[in-house]
Amino acid sequence: MNAGSIRSVALVTSCALVLSGCAGLTPGENAAVFGGLSGVAAGGIARAAGMSSAESFATGAAVGAVVAVTTYIIAKHQATERQRQVAERRARAAYQRMMADRAADDAREARSTSRRSTASSKPKARAKKKAPRYIAVDTEKDQRTSPKAKKSVMIWDTQSQEIVGNNVYDVESTPAVGSTAKFETYSAQYVGGGS
């Protein structure tokens, strides 16, 4: 047997052992395992494509995080009218607070820039923060909510100012408030209850 065949058999055997060991894991533990494996694979592909070690590591870490966050969803169902109302109210409040915080940050930066421009001839340019396109907001649980769900979440579009679709995503564990998570095809910034 040549070295390439031995490596291939070893890789397949290792993957089979890892996957069989994941059978009793919670969704969060599975997210860590598969996110890590996906990150390693993406980093390896990026390195093979000619990226530097640092670039391939960053690529792998980003892919691993997206895969891990994507697996938080344990169930999906159609929203009731009450769930839509609660999610919409919370999303609007969170978005208004987000915009007020951004305006305050911009005002502080403008004051800081004007002080720097009087002290030096070259004011520093700063990229303006964009609002996320989608935010994920908690809504009420109902009788259809999975017993394992910690939260029920809906997606809100910041551009159209309305709930996207009519889906409620039951999640066993939520991402950190302010972080971006993948809910099916939507990458949304998680805002929690909007308060």
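## Ground rules

Two residues are in contact when they have heavy atoms within 4.5 Å of each other. This is a predicted model, where local features need pLDDT of at least 70 and side-chain atom pairs count only at pLDDT 80 or more, while totals for chains, interfaces and linings use all residues. Residues are numbered from 1 along each chain as its sequence is written, and side-chain values use heavy atoms, leaving out hydrogens and water.

## Two residues that touch

Gln-83 lies in helix H4 (residues 81–119); helices here are DSSP runs of H or I with at least four residues, strands are E runs of at least two, and both are numbered from the N terminus. Because its relative accessibility is 1%, Gln-83 counts as buried (buried is under 20% relative accessible area, exposed over 50%, partly exposed in between, with a 1.4 Å probe and protein chains only). Beyond its neighbours within four places in sequence, Gln-83 has contacts that include His-77, Thr-139, Arg-144 and Met-154.

## The cores

A nonpolar core is a set of buried Ala, Val, Leu, Ile, Met, Phe, Trp, Tyr and Cys residues joined through side-chain atoms within 4.5 Å. The largest has 13 residues, and Ile-135, Met-154, Trp-156 and Val-191 have the most contacts inside it. H4, strand E2 (134–139) and strand E3 (151–157) each give two or more residues to this core, with H4 giving the most, five.

## The whole chain

The protein chain has four helices and seven strands. Of its 195 residues, 30% count as buried.
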